[in-house]
Structures are given as C-alpha cells and as structure tokens.
Amino acid sequence: MELTEILERVQDVFRDVLENEDIVLSPQTTANDVEDWDSLNHIQLVVAVEKEFKIRFTSHEIQSWKNVGEMVDCIAKKA
Amino acid sequence: MILKLHDKFEETFTVSEQIYEGFIAMFRDKNPLHTDQQFAIDHGFQGRVMHGNILNGFLSYFIGECLPGKNVIIHTQSIQFKNPVYLNDRLFFEGTVVNVFESVNAVEFKFRFKNEALKEVAKGKIQIGILA
C-alpha cells in the first residue's frame, strides 16, 4: 500500500475520532499540532487505526513514534 | 493482559423495586412512560417501562466488579435498546471480549441483555482500559 494512501486513511480516522473535518495530517505532524490529540484520545486513535488497517501494534512501537510519518511507516510494514 | 480474545462472562440481574425507585430518586426521571402504568399501556407497552439507563448501571457493575482484575476503567460504551424491560424482569447478561489492543492496554467487549423469554432487550459495545 502506498504511503500517501495510508496517510489519507489515517487522516480520515483522525477526523472521525476527533470529530474535526479540518484536520490535515502530514508525515511531520505531531500531537502538538493537532487540537485534542491528548493522552486519552491517543488511545482511541491507536485503537481506531488498528481497526481500520486490521493490524496490531506493540506498546514499544507506539512509544517509538515521533510523528505521524513514523506511524504510517509502521502501518506500511504490517498492512 | 488479564483478558484475552473470546473470553466470555455471564451475569444475571433483576430490575428490582429498589433499583427502580433508587434510580428515580437519584436522577429524577419521572417520565410517565416509567411511572404511569396506564400511560405506558396506552402507548403500546405492557406496563411501566424501566429506564434504559438502569442497564448502564448493570454494565458499570460488570466492568467494575466482575472482571478478573479491578484495575479497569471504561473508555467508551454504546448501547442499543431493542425491547422494553419491565419491573422485576430478570435479565441475562453476556459479555464477550471481541478485541484486545495490547499496544494501549485496551479491551473491547460486545454485550447483550436478554429477558427471561430470551428476547434481546439491549446490546452494545464497551471499551475498557487496563490500568498499569
């Protein structure tokens, strides 16, 4: 799957979970750049991404991500 | 993780007079559908319909008291009410683990309540977190 396609689907997940259609993600986006991306919503985002791509992350993987791009790379390896 | 995929839990609950009266005393929902027998019958029910959110109280008990560990917290829950529940109905609850998210220590259950006629009265999903 292309990274751009993954990024688009991740963006859709973020818009749905955070109920904000204005969210635009790039590989460089971090939690500081997205309103409401707090620790509780982070759980919901990870759960929703795992469901969307029918994959499972490890806690080590999600703790290692520095930005959305690293999440997308991780998805690309699993999906 | 204290829970694994397909783990199933069953409980039985009764919507007793004490629970019904307590719910009204606490939350003050005295809508006639819940409190006026004739009103409820006039609208096609067999009698006073119990508040659907009493079932959410049973869900709270299930998550808080019936799982193998106490280190749990509810993240989200959704419920659909399918059929009315009446006073003193005995309800059979079944909760099954349908998703485990090890990465964020979260578990999702599907659940359903059936009445004594084995008719489904409510169903839904709950996602809980396992506290460190």
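Predicted model: local features only at pLDDT ≥ 70, side-chain atom pairs only at ≥ 80, totals over all residues.
1. Basis. Local features need pLDDT of at least 70, side-chain atom pairs count only at pLDDT 80 or more, and totals for chains, interfaces and linings use all residues. Residues are numbered from 1 along each chain as its sequence is written, with chains lettered from A and ligands numbered from 1 in the order in which they are written.

2. Fold of chain A. Chain A has four helices and zero strands, in the order α-α-α-α along the sequence. Helices (H or I, at least four residues) and strands (E, at least two) are DSSP runs, numbered from the N terminus.

3. Dimensions. The C-alpha trace of chain A spans about 30 × 25 × 20 Å along its principal axes.

4. Burial. Of the 79 residues of chain A, 25% count as buried (20 or more other C-beta atoms within 10 Å of the residue's own, with C-beta atoms placed from the backbone).

5. Core. The largest nonpolar core has 39 residues; such a core is a set of buried Ala, Val, Leu, Ile, Met, Phe, Trp, Tyr and Cys residues joined through C-beta atoms within 7 Å. A:Val10, A:Phe14, A:Val46, A:Val72 and B:Leu91 have the most contacts inside this core. At least two residues each come from α1 (3–17), α2 (39–53) and α4 (68–78) of chain A, and from α4 (53–66), β3 (90–101), β4 (106–114) and β5 (120–130) of chain B. The most come from α1(A), with six residues.

6. A:Phe14. Not counting residues up to four places away in sequence, A:Phe14 touches A:Ile23, A:Leu25, A:Val34 and A:Leu45 (contact: C-beta atoms, placed from the backbone, within 7 Å).

Definitions and conventions
Buried ≥ 20, exposed ≤ 12 C-beta atoms within 10 Å, placed from the backbone. Contact = placed C-beta atoms within 7 Å.
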